[in-house]
Amino acid sequence: MAPILAVFVVLLLAKLAAGIWLDLLNLRHVRAHAGAVPESFRDFIDLADYEKSIEYTTAKTGFGIVRELFDSLVLAVVLLSGLLAAIYTGLSEVFGYGIWGQALVLFVTGIALGLTGLPFDWWSTFKLEERFGFNKSTLKLWWTDKIKGLLIGFALGYPLLALLIFLVTAAGSLWWVWGFAVFFGFQLVMVVAYPMFIMPLFNKLEPMEESELKDRLFALADRTGFQAQTILVMDGSKRSGHSNAFFSGFGRFRR
């Protein structure tokens, strides 16, 4: 085995072992405190719900370890077997070796490799989450989300890949500096654009009605220096029974 491949295998195994070790360490800590509700939680959760949360954590951690093992195996096979090189050659013959053709090769390759994760995504949603009463999604909605994500990924990712390939050919040894600047700028734009233009394609967002809760949330934002312009309520419950809240944006686009 070539030295660079040996280094790759060692690093991959080290990453896999570290991840699994941390998962097991967390799982052992959770199980060690399964007998009684921690004092800081006793005001809003009873023992039955707490034990259910431990069961959920155990099941999700085990599932995560299996998925991590599978993903590592796929990565090793793709890189060490020569499959990635064969995919690249075959797709390049179809799409060409120009900038736009090579960008399409990279995008299609990424999609193809990502297909291996679909069964795990399905199992997580319709088996694991369903088992614990969290799943609210339907198979139709699940597929719709996947297709929308693919189309948006193509609309945004394909031109970015083409631009990156152009920088590699045009900027010489400093292509990575220009590439970093482009992707950093893109991320800043997306911090603002994602909740305003992309999230509404998946969820319905409405301004929170006037209430004591809204006043308290604005007061919390002011105390923490996050002066939000608005508070929106999202219909996330059509997919999951989990609760969620987050901040987004910067400057006058905070929400």
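Colleague: How much space lies in the largest pocket?

Modeller: Rolling a probe the size of a water molecule over the atoms shows where empty space is left. Here, about 900 Å³ of space lies in the largest pocket. A pocket is an open set of points on a 1 Å grid over the protein atoms alone, where a 1.4 Å probe fits, with protein on both sides within 12 Å along at least five of seven lines. Points join across faces, edges and corners, and the volume is the space filled by probe spheres set on them. This is a predicted model: local features need pLDDT of at least 70, side-chain atom pairs count only at pLDDT 80 or more, and totals for linings use all residues. Residues are numbered from 1 along each chain as its sequence is written.

Colleague: Which residues lie nearest the centre of the largest pocket?

Modeller: Lining residues have an atom within 4 Å of a point. There are 27, and Leu232, Met234, Asn244, Ala245 and Phe246 lie nearest the centre. By class, 16 are nonpolar, nine polar and two charged. Nonpolar means Ala, Val, Leu, Ile, Met, Phe, Trp, Tyr, Cys or Pro; charged means Asp, Glu, Lys or Arg; the others, Gly among them, are polar.

Colleague: Which element gives the largest share of that lining?

Modeller: α8, with four residues. Helices (H or I, at least four residues) and strands (E, at least two) are DSSP runs, numbered from the N terminus. α8 (212-223) and β2 (232-234) each supply at least two lining residues.

Colleague: What lines the second largest pocket?

Modeller: Ile111, Gly114, Leu115, Leu118, Asp121, Trp143, Lys146, Ile147 and Leu150. α6 gives the most, four residues. The space is about 220 Å³.

Methods: Side-chain values use heavy atoms; hydrogens and water are left out.
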